[in-house]
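Hi,

Here is the structure I promised to pass on. Have a look, and my notes follow below.

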Amino acid sequence: MYSLRSMACLVGSLLLCFFAVSCSWMRVEGSDSALPPLPADAEDYAPLAGFDAMLIPADNPMTAEKVALGRQLYYDSRLSGDGELSCYSCHLSDKGLSDGRPTAIGAFGKKLSRNAPSLWNIGFHWAYYWDGRASSLEKQAAAAWFGGNMGAKDRADEIVAVIGGLEGYDRQFQEVFGASATAENIPMALAAYMRTIIGGNTAFDRWQAGDASAVTDAAKRGYEVFTAAGCAECHGGVLFTDMTFHTVGVGWDPNQGTYADPGRFKVTGVEKDKGAFKTPSLRDVTDSGPYFHDGSISSLEMVVRFMAIGGVPGLPNADPKVKRNRLSDGEINDLMAFLKSLDEETNLSQAPERISR
Ligand code: HEC
Ligand code: HEC
């Protein structure tokens, strides 16, 4: 799969990345080992070994200080309308950066219609949410904060004043933005932090980097099945997503004769996008159930079997790349072992110390 030369490069960059990461950790937060990688080089931020540099908006450059501020905010429940939820509440480390529910429950107990997606390597995406309606992480963070997830819309001024009124926060905002906290710079800091949520710390990645003993033989065979069955057409590469939109037949309502959730269609208005959703990354997928945009299937094996037989055949807009495979139980087991090798070992559960004044 890789030539010897690119393998050597990959191992080299992994090592480099490791050192760069440990240096920037020391620079910002001392020995907090739960921290994700911080930008070592703000100009050329390429935190994922073997992958392109991340595109950073010119008006929101990465700095270690901004990331630290964003992380502080990301874990802070004072941001939500009811003071109960932080961003982290629905993107939990032990739930594969999802929340373990079929569909999420926002601030004030508001029932939301979709499943909370995992966020590994989210900074590389170009369109956010299952339907891609947000075109930047800054816009997404503002939407999550003011919308149903965090429910802050009606109390935004008050919340900004509470955050900005804490000296510990104000010092950071002044340093990072040269200004007090605002409804605009809070999402900017959140976005900068999210760009450091980097997946890649898995047995699979160690195997690809040259450690033949990092994964089981079943996982190796499973990776072959994954490729042969066409899964990699959409879930391929280091990200395990093509970051684009496909209809695989989830959420079809036979009584209404339509997709319960129009998905991408709502953004583009193009008929063939009805029922299309963004391909989820498969990193940490064994932990991130229930699955699909509507959380309709809770067993990963059932999801894998559903995808392997080609979803629901004959539905409108069904993507022809979803192939009708006949896999044996052994091949399904191997696929499961491969997916297990994508368990992320980076732990984001440790919240930063709460700023109390
Ligand atoms: C109540 C649970 C909940 C909370 C709190 C929450 N989220 Fe989410 N998050 C979701 C759900 C559900 C979606 C998918 C919504 C959709 O696609 O329409 C989502 C989607 C996202 C996405 C897009 C992922 C992708 O694949 O495109 C990002 C990024 C994100 N959230 C970050 C945040 C941030 C930042 C905050 C805090 C400001 C936050 N979330 C708070 C549930 C939550
Ligand atoms: C045409 C592109 C495409 C192909 C091919 C494809 N998938 Fe998917 N996959 C998707 C999309 C899109 C979704 C989300 C569907 C939804 O929620 O409506 C998805 C969802 C999943 C999920 C659920 C992940 C989650 O977090 O909810 C798993 C697991 C999965 N696919 C595995 C596979 C496997 C295994 C194969 C091969 C047998 C495969 N996929 C083939 C596009 C594809």
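A word on terms to begin with: helices (H or I, at least four residues) and strands (E, at least two) are DSSP runs, numbered from the N terminus. The model is predicted, so local features need pLDDT of at least 70 and side-chain atom pairs count only at pLDDT 80 or more, while totals for chains, interfaces and linings use all residues. Residues are numbered from 1 along each chain as its sequence is written, and chains are lettered from A and ligands numbered from 1 in the order in which they are written.

Ligand 1 first. Its shell takes at least two residues each from α3 (137-146) and α6 (185-194), with α3 giving the largest share, 4 residues. Of the 28 residues around ligand 1, the nearest are C87, C90, Y129, W130 and N149 (near means a C-beta atom, placed from the backbone, within 6 Å of the molecule or strand). By class, that shell has 19 nonpolar, 6 polar and 3 charged residues (Ala, Val, Leu, Ile, Met, Phe, Trp, Tyr, Cys and Pro count as nonpolar, Asp, Glu, Lys and Arg as charged, and the others, Gly among them, as polar).

Now ligand 2. It has 26 residues around it, and C231, C234, V250, Y291 and F292 are the closest. Two or more residues of this shell come from each of α9 (232-235) and α11 (300-308), and α11 gives the most, with 4 residues. The classes here are 17 nonpolar, 6 polar and 3 charged.

Happy to talk it through.

Cheers
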